[in-house]
Amino acid sequence: MFTKLSKNVPKKASFLKRDLDARKQSNLYTLRFRLPHTEKLDGSEECTLWTPYNKRYNWGRLYLSQNFICFDSRVHHLVRLTIPLRNVHQVERADSGGAGSSGDSGSILITTAHHTSFLFGNISDRDFLVHKISELLAKLPKEKANRALDRREEGTDWTPQPPLMTLFKTHQTATIKQIQQKKEKQWEDHMSEVGRGVSMYQTTAGSELVFNGIPESLRGELWSVFSGSILQKAQNKGLYTKLVNEALSSRNQANDEIERNLHRSLPEHPAFQNYVGISALRRVLCAYALKNPTIGYCQAMNIVASVLLIYCPEEQAFWLLATICETLLPDYYNTRVVGALVDQGVLDDLTKTHLPELHAKLDELGMMKMISLSWFLTLFISVMPYECAVNVMDCFFYDGAKVIFQVTLTILDINREKLLKCIEDGQAMQVLSEYLEGIYNEEAMALSTEPRTAAKTIKIQDLVYQSYRSYGATVSGEFIEHLRLKHRLRVVRQLEDSLEKNTLRALQQDKLLDPAELQELLSVIREELFWAKRVPCERLEAPYEAYRLDYTQLKNLFTALSPWAKGENAEAITAMMFKLVDDDEDGMVNARGLSVALGLSARGEAARRLRALYCAHAPPMLAPHHLRDATYTHTGEELAADAISYFDSLENPSTPEPNVNSGMQRSISEICSDGNYMDKSTDSNYGEPESEAAAVRACALAGLAGPAGAGSPGSPRAAPPLPRAHLLRLLATLHGLTEHSGPLYEAVARAGTLLLQLGELTHRPELGREISQDSLFLAAAAAKQPIVAQLDPNGNKTADLEGSSSQLSPSKENDPSSDSVWFITLEQFLATILSEPALEELFNRQEPLLPQLEALRQRDRSQSLL
């Protein structure tokens, strides 16, 4: 009966166990046959496979997934087969008979587009299998014409390179040439029997040829077949060209790192002393960094990619690199090298099992970590002669990651006696280094033309044979995956704990929140990311960047914790604070951004809090389209309409409204140049449009440690002037924060009245002199007494402000639509607000966060129990 992992299988009691078992089977399936990790096993069936090269029926199991038919024999390495469904031309019932086959026992014949036939027999439910394969064939996406792609490739200004060994040939002696030709003949004879390409029969005879070393001329082709990278290339036609074109036209951190390491990649090979080889390496690494930004670029990738380019065409090398990073050595090449740390634990377990006495010694010397990182990351290329390491890579692509463990155990076993006598780690490393440097390969030329000084220790072919003979049966691919899963949980937990400690240490430098509050805040952030099914990021410049929140997640936390995010103004002020701390403007805020936003709103000094509020309302942080009618939020809800109406009424109703839109469209640099209201010397790039938002953020976060605060507490960055519409929005925010208290409301009203009148002073050109920032600051600072309201002859209230008795009479000279600009400076705003004792006390009040944090965590826990 065909074992189906599909909806037709009767459901078991535990759905979770069933799903986990199916996922485990699919993972082992893709690992065994080197398939893309997206493949999901549909089912398997015991059957026989007719092998024409020896005319036998071989018992084994047929596996079926959405894109492949695979077969693996009962006898390990006897025969293995992979047939992509896209290559299948016909599936039909067949009659078979012969030794090993019980007559007409249910056979099917699969014919590919290349006119190759594969005969499977002894199938218990042949009709179902044929029907299932036919269904999968019908679901395959049809290949699209690639004419447009070809035209795009013709338009590129680069040319993909063939294997670099064909362009930069190294000298070979007559003996080595003869050995290589003999190997080529053996492989050609073998492939004439078992086929060539992805659907070749992988047999015991082929394994022997691999262990002996693949000839250089066939290495690239066979590496791609054995690793499965040829399948990824076929499924992603044109992707490499697209990635290269996009990567070369972009500038990012990964590309900068790649550029610094290009000339350190296998410098002894002539290909990488030349522009051709360096350019090909740059394209492969930059394209992969773009394809997989989670990994981007990591040290040692350049060395591995260099070797691939020597034997493979450029695009083939790219897909081989992707297969190594994502399938064969998963999570090795990222900022935290999780995969390498996991394999440290795997090697530790294997050594403890097979070499217990030596394991105790190496553990005492602290050697295990050094071995796995330096040997595994570069696949031995950096620790043994190049011409020997490529033989290990032959087996690695053929048999998977188990090979590097087999070879490592063999090397340790051979040097066991010497290592047991070592008394320090340096001595042990010297023993291993001398042994590795002495490994030799008489069947290939060394890259270096200089004579070797290291004493010969072992022939690489003998080392490979000995590793298979000693550990090939016990160290299987499935066992390695089992150990990896076991140690991954431990490593991830340790990395998470380390990341949390480093993040807390970094956040404490801002001196806004207490350590206990930061600990609870980070726990809340992690819970929020967990419920959003997101994991910490890998590419980090600082530890707190691992925890990144989108707007919805930050809003959930900020509104629950911040004293500012209360009432009808909560969503508006949350959105403004989000934009203020989103320093790279990617729609995500890291843990430090949230910590700073909460710290400023709950713990900062009055001047720092008010500066942050001011900058959050300044252009370009508060864009013109956020100011429509200056009375409604983006959801249409009325926003402090009474406050804005009150401040609007302070000006003469007959006075035309200033042209806010035209003022908003002007850049900060234009405003500065018109009136010299800002000292641009504080930022040499301030006049550039792309630096406007950064300058405002630097002002808002001045005094913080690190990049978030660009200056010291005594020298904050200059802030842009605040236009009238922005000031009204800011006053509405202050009203929302103080509407619960009558005295505070009146204090905001008095301060707002004075600020609007100060803004009119900057807007009046008829004063006949330049109004300096200092004079306006002094005027605001001098306003210690409440404004005295007087009645005009008509009974209307007027403000007795020195030198401004005529400001409410419209005339040609003081028409707000004139070329002058209405604005309020940060200094005026701070001096005016802080002149009100009630407001100063409010913004100096220290708000505890622990009760809110505990309540938030209790709320989350109660929700998780539902």
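In the predicted model, arginine 126 is buried, its relative accessible area being 19%, and this value falls under the 20% limit that defines burial. Arginine 126 belongs to helix 2, which spans residues 126-139. A polar atom of the arginine 126 side chain is placed 3.1 Å from the backbone oxygen of alanine 94.

Threonine 203 is part of strand 9, comprising residues 202-203. When neighbours within four places in sequence are set aside, the contacts of threonine 203 are with Tyr53, His77, Leu78, Val79, His190, Val194 and Tyr398. Between threonine 203 and serine 73 the sequence separation is 130 residues, while the C-alpha to C-alpha distance is 9.8 Å.

The packing of two helices was also examined. Helix 16 (residues 368-376) and helix 18 (residues 402-414) have axes that come within 12 Å of each other and cross at roughly 130°. Angles of 65 to 115 degrees count as roughly perpendicular and those over 145 as roughly antiparallel; helix 16 and helix 18 are therefore oblique to each other. The crossing of helix 16 with helix 18 is right-handed. On the helix 16 side, the contact is formed by Ile371, Trp375 and Phe376, which meet Ile404, Phe405, Thr408, Ile411 and Leu412 of helix 18. Classified by residue type, this contact between helix 16 and helix 18 contains 7 nonpolar residues and 1 polar residue, with no charged residues.

Key:
Residues numbered from 1 in each chain as written. Predicted model: local features only at pLDDT ≥ 70, side-chain atom pairs only at ≥ 80, totals over all residues. Heavy atoms only, no water. Axes fitted to C-alpha atoms, helices over the stretch in contact; angles between N-to-C directions. Helix = DSSP H or I, 4+ residues; strand = E, 2+ residues; numbered from the N terminus. Parallel < 35°, antiparallel > 145°, perpendicular 65-115°, else oblique. Left-handed = near helix turned anticlockwise from the far one by under 90°. Contact = heavy atoms within 4.5 Å. Nonpolar A, V, L, I, M, F, W, Y, C, P; charged D, E, K, R; others polar. Buried < 20%, exposed > 50% of the residue type's maximum accessible area, 1.4 Å probe, protein only. Polar contact = N/O pair within 3.5 Å; in protein donor to acceptor, adjacent residues only side chain to side chain.
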